[in-house]
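Please examine the structure below, with attention to its charged side chains.

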Amino acid sequence: MRSSAGGSGMSSTVEALRRWPVLRWQSVIKPLVFTAAIIPFLFLLQALFSGSLGPNPIDELTDQTGTLAIRMLLISLALTPLRGLLKNTWPVKLRRMMGLFAFFYAFVHVSIYLLLDQQLDPAAIWEDLAERPYIMAGTVAFVILIPLAMTSTRGMVRRLGRRWASLHRGVYLAGAAVVVHYVWLAKGDLIEPFVYLAILMVLLGYRFVRLLR
Amino acid sequence: MRDWMKMAGIRSSEITDEKLFRQRRQLLQASAAAGVTGLIAMPAMAEGKALNQPIVKSSFSTDEELSTKETVTTYNNFYELGTDKGDPVRYADRLQTEPWSVTIDGECAKPGVYTLEDVLKPHAIEERIYRMRCVEAWSMVIPWNGFSLADLIKRVEPNSRAKYVAFETVVQDDLPGVKRNVLEWPYREGLRMDEALHPLTMLAMGIYGEELPNQNGAPLRLVVPWKYGYKSIKSIVRISFVEEQPVTSWNMSAPQEYGFYSNVNPERSHPRWSQARERRLSGDTGGLSALFASKSDTLYMNGYAEQVAELYQGMDLQKFH
């Protein structure tokens, strides 16, 4: 709202200052979260080009991007419960972005697996899919995320209407599949995958309890 | 799993060897790329102490390209020091290796507590370049320094009831990995007597002509090149001659996944990942070319089948895996 003082420079500054606290919170949080979510990727690139990924860079990149994808997915799943907890809508405004970050890291993870780890060898990839349950679980999770990422635009939300919401409930299944993927591939130290499993159960449990009420 | 945040602070150590110049240069490039030199912490890995005795070259050695010392000493599985590949070098200083003694007991004529010096003294030190195949589907080529385990076994005169040899790793309560029960400590391994006496089986006290770094299992470790790496137990404090097959750590942790024998076998997949191929970790660490290195086929018995096949004649190695 423009002040009655109209063009006066002084009073419009006062007006802007009065609006500032509201403006700051609303406009800064999204770029801030975006920056926080992209930083690990920049670190990975830096580590890659400075040669500090260690003697087995393919495994290192695969592990790192996989862990990041799971973390982003869990964060995106935590935003709806957070809205209820904080009685504030700002968390859900970050949902699309965090979901897309989860897909981004998953895409990089899968690309590294296919291009660098398996070098696009169809026989090796097929054997992995057929014989390793953790590869199948990871594949299920990624395949579910593809249509979700593709229908994340405002236009698609509008066009799909109710079907959009049912489609995007697929993220619960993707979350379960990706945590199973991690539990099944871990050797010896299961702490990290089990922490993710516990977080996922809390996040899905919250929705289940709400559904029952 | 290494955290991305840790990674920025990690940089492989400075090692003085024939590749010193190249590595220094890489390091400088790394610093430049990192922008902030202060971010690049040098892990505490002192320059290795050269072994001060003559080293005999062994005819068992492979002529394959050696993995760099940096690779061999910065990418390790030594769960007492942590489960991340970089943890053993990071926490290497925490392992106390002086004084060191090895308890030798069980079915033998000369049991006792032997100091490290007692153990090593009578043996001529060889250099043996072996392939090392990890169950995680990567491999290295490592120049070990040490001697045949058989030579030590003969000294302590096992009796006819000694059918197996059991080994234990040191447990020091303040090691970061020991505080968590990822495995049940002490780490335990074992060999059948004929495997232990096989000429390929060695006790190592050095690599690259230098004393074994802590992260590689100082001061004394086993090397059994035809078996998955976890059989080659590190930092040995106990060697026991026993009548029954001893329990082994990974078998205790997941019996359906890790058998007692653990011979490298591309035909027998680990239930959760393939053992058909492996990634050789060899050349310069950190080079972008490492991203495009292809895997190679894993060889039966890690390529030592000719020497060791007779140990397993008539055995079903799918069952006794």
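Is B:Asp194 buried, exposed or partly exposed? B:Asp194 counts as partly exposed because its relative accessibility is 33%; buried means under 20% relative accessible area, exposed over 50%, and partly exposed in between (1.4 Å probe, protein chains only). This is a predicted model, in which local features need pLDDT of at least 70 and side-chain atom pairs count only at pLDDT 80 or more, while totals for chains, interfaces and linings use all residues. Residues are numbered from 1 along each chain as its sequence is written, chains are lettered from A and ligands numbered from 1 in the order in which they are written, and side-chain values use heavy atoms, with hydrogens and water left out.

B:Asp194 meets B:Arg192 in a salt bridge of 2.8 Å, N to O. Such a bridge is a side-chain nitrogen of Lys or Arg within 4 Å of a carboxyl oxygen of Asp or Glu. B:Arg192 counts as buried, because its relative accessibility is 14%. Over all chains, the structure holds 27 salt bridges.

Another salt bridge pairs B:Arg279 with A:Asp59, whose closest N and O atoms are 3.3 Å apart. B:Arg279 lies in strand 12 (residues 277-280) of chain B and A:Asp59 in helix 2 (residues 57-86) of chain A, so this pair joins two chains. Helices (H or I, at least four residues) and strands (E, at least two) are DSSP runs, numbered from the N terminus. B:Arg279 is buried, at 4% relative accessible area, whereas A:Asp59 is partly exposed, at 26%.

Salt bridges also link B:Glu64, B:Arg131, B:Arg133, B:Glu278 and B:Arg280 in a network.
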